Amino acid sequence: MDFDLSPRSAQQLFDGEGGSYHTWSSSEFPLLAEEKVAAGRAVLQPRGFALPHYADSSKLGYVLQGSDGIVGMVLPNSSEEVVFRVKKGDVIPVPPGALSWWYNNGDHSEEVVVVFLGETSKAHIPGEFTYFFLSGGQGLMGGFSTEFISRAYKMNEEEADKLAKSQTGILLIKLEPGIRMPHPNMEIGEKMVYNIDAALPDVDVRGGGVFKALTAAGFPFLEEAGLSVNRVKLEANAMYSPSYTADGTFQVFYVARGTGRVQVVGIGGKRVLDTKIQAGQLLVVPRFFAVAQIADSEGMEFVSILPGKSRAVEEFASKKSVWNALSPVVSQVALSVTPEFEEFFKSNMQKTTVLIPPTNYI
């Protein structure tokens, strides 16, 4: 495997009055296609409306910014639209083929920003989300002939032409003031949205940071997307210690805030990446490769996804380390150290978690 693992920033695909959409192209970032993973970022301006669409991939949205977003969704094999509110910190699973629309209900200047991360094993283009819009300049309705539309909806040709071609906008449009969107259902929202930012941490280390893992066990609707998600907040100069996926799947990290440094070690113990990483960048770690990050002085926050219903991540440098599972003599001869040093090595790991404060932290 010889891919450039460097973290990448998104490229703007669309920009309009209602908002913009940014994506990571598999042609520019071949590792996306290799690992069958994709990402995109939507920015909704106030009254910005993402036209109803579905996609060929399983993904989840994580709200980076905003407090007044509204999402409508029609799940496969369902004839019911569910509408719910979203805000910063929310995780929204979107199963493949689910129809959805997204709207910024705010009347002021606050944008609603959502990053989408997902897997593309069944996608038309591995490493990219392909969207199918119902209406608009790139909509399915406009693709059929007037004859077919008139027959399908029992209209004359003039009416069929009006139905298929009145909406000329694409992707994101801005609605006129006064249009009232469907009212969110709070009860439904609790089943389809999970605010990971507000959740209790799985790991909380003074000077190190906060780690949160979300799987279908804690959020059943996540199973529909077949993904699990982690949320990590590193304090200044803290470390997210080395780990790898043990089930042959990728890891994808999106940096939500701050800057830091990342190292990835792969086949033959070769360090294949050692670089800076910053807010807005995407990092893809190939299956079985080991990764670790250290935040800069301002700290760093990131969200990551893994395929599957549960985390299959093995740690190297914590009390849950695979080293601690090995017999002392096995560790001793594998590292070629004395019994005393092996004991010292493992005793140090008993004091740490996956989040490690800086060495000078008091």
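Which residue forms a salt bridge with Glu-301? The partner is Arg-231, and the closest N and O atoms of the two are 2.8 Å apart. A salt bridge here is a side-chain nitrogen of Lys or Arg within 4 Å of a carboxyl oxygen of Asp or Glu. The model is predicted: local features need pLDDT of at least 70 and side-chain atom pairs count only at pLDDT 80 or more, while totals for chains, interfaces and linings use all residues. Residues are numbered from 1 along each chain as its sequence is written, and side-chain values use heavy atoms, with hydrogens and water left out.

**Salt bridges**

- By this rule the count comes to 13 salt bridges.
- Side chains of opposite charge can pair when their charged atoms come close.
- Glu-301 lies in strand 22 (residues 290–307) and Arg-231 in strand 17 (residues 227–234), so this pair ties together parts that are 70 residues apart in sequence.
- Strands (E, at least two residues) and helices (H or I, at least four) are DSSP runs, numbered from the N terminus.
- Glu-301 counts as buried at 12% relative accessibility, and Arg-231 counts as buried at 8%.
- Buried means under 20% relative accessible area, exposed means over 50%, and partly exposed lies in between (1.4 Å probe, protein chains only).
- Glu-301 and Arg-231 also belong to a network of salt bridges that links them with Lys-88, Asp-197 and Arg-257.
- Asp-68 and Arg-85 meet through their side chains in a salt bridge (2.5 Å, N to O).
- Asp-68 sits in the loop between strand 6 (58–65) and strand 7 (69–74) and Arg-85 in strand 8 (residues 82–86), so the pair ties together parts that are 17 residues apart in sequence.
- Asp-68 is partly exposed at 22% relative accessible area, and Arg-85 is partly exposed at 32%.
- Asp-161 forms a salt bridge with Lys-165, with the closest N and O atoms 3.2 Å apart.
- Asp-161 and Lys-165 are four residues apart in helix 4 (residues 157–165), separated by about one helical turn.

**Helix 8**

- Helix 8 (residues 339–349) has the buried residues Glu-342, Lys-346 and Met-349.
- Seen down the helix axis, these fall within an arc of 50 degrees, so they line one face of helix 8.
- The arc is that of the directions from the helix axis to the C-beta atoms.
- The face turned away from the buried side of helix 8 carries the exposed residues Glu-340 and Glu-343.

**Record annotation**

- An unreviewed UniProt entry lists residues 3–161 and 194–343 for "domain: Cupin type-1".
- The span of residues 3–161 is 14% helix and 44% strand, and its end C-alpha atoms lie 48 Å apart.

Definitions and conventions: UniProt positions renumbered as here; feature names shortened; annotations may be inferred.
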